[in-house]
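Visitor: I'd like to learn how to read a structure like this one, feature by feature. Can you walk me through it?

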Amino acid sequence: MPGRSFAPSERFVAEVASNKLRPAYVFIGDEVFFRDHCRQALLQHLVSDDLRDFSLHDLDLSEVSLAEILDRARTP
């Protein structure tokens, strides 16, 4: 069935666009395209351009502890 592999990411984008958000998301997988697609939807619908420097953190668990990531997530 063509396009079936896109279904989870398209469903996520539709949820974000309709503001049906969950408390947290973790993007895991080998396919960078799908992660980037979902990340772009979050940025487009939730973070205005003028606030991205203050409200967006791109962190890698191989470089930053989970405790630090959670601490940043709790910081207003």
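Predicted model: local features only at pLDDT ≥ 70, side-chain atom pairs only at ≥ 80, totals over all residues.

Visitor: Which residues make up the largest nonpolar core?

Guide: The general idea comes before the case. In soluble globular proteins, nonpolar side chains tend to be buried together. Here the largest nonpolar core has 6 residues: Phe12, Val13, Val16, Cys38, Ala41 and Leu42. Two elements, α1 (7-17) and α2 (32-46), each give two or more residues to this core. Take Val13 as a case: setting aside neighbours within four places in sequence, Val13 is in contact with His37 and Ala41.

Visitor: Which residues of α1 are buried?

Guide: They are Ser9, Phe12, Val13, Glu15 and Val16. These residues span an arc of only 160 degrees around the axis, which puts them on the same side of α1. Part of what covers them is α2.

Visitor: Is Ser9 buried or exposed?

Guide: Ser9 is buried, at a relative accessible area of 4%. Leaving out residues up to four places away in sequence, Ser9 touches Phe34, His37 and Cys38.

Visitor: What does the backbone do just after α1?

Guide: Asn19 takes a positive phi there, of about 65 degrees.

Visitor: How many aromatic pairs does the structure hold?

Guide: There are 4 aromatic pairs. To read a pair, look at the ring centres and then at the angle of the planes. For Phe6 and Phe34, the centres are 5.3 Å apart and the planes sit at 70 degrees, so this pair is edge-to-face, for which the angle has to be over 60. Phe6 lies in the segment before α1 and Phe34 in helix α2, so the pair ties together parts that are 28 residues apart in sequence.

Visitor: Which pair involves Phe12?

Guide: Phe12 pairs with Tyr25: their ring centres are 4.9 Å apart and their planes are at 85 degrees, so this one is edge-to-face. The pair links distant parts of the chain, with Phe12 in helix α1 and Tyr25 in the loop between α1 and α2, 13 residues apart. Tyr25 is partly exposed, at 26% relative accessible area, whereas Phe12 is buried.

Visitor: Which residues form one aromatic cluster?

Guide: Phe6, Phe33 and Phe34 do.

Definitions and conventions. Residues numbered from 1 in each chain as written. Heavy atoms only, no water. Core = buried A, V, L, I, M, F, W, Y, C linked by side-chain atoms within 4.5 Å. Buried < 20%, exposed > 50% of the residue type's maximum accessible area, 1.4 Å probe, protein only. Helix = DSSP H or I, 4+ residues; strand = E, 2+ residues; numbered from the N terminus. Contact = heavy atoms within 4.5 Å. Arc of directions from axis to C-beta. Phe/Tyr/Trp six-rings, centres within 6.5 Å; stacked < 30°, edge-to-face > 60°.
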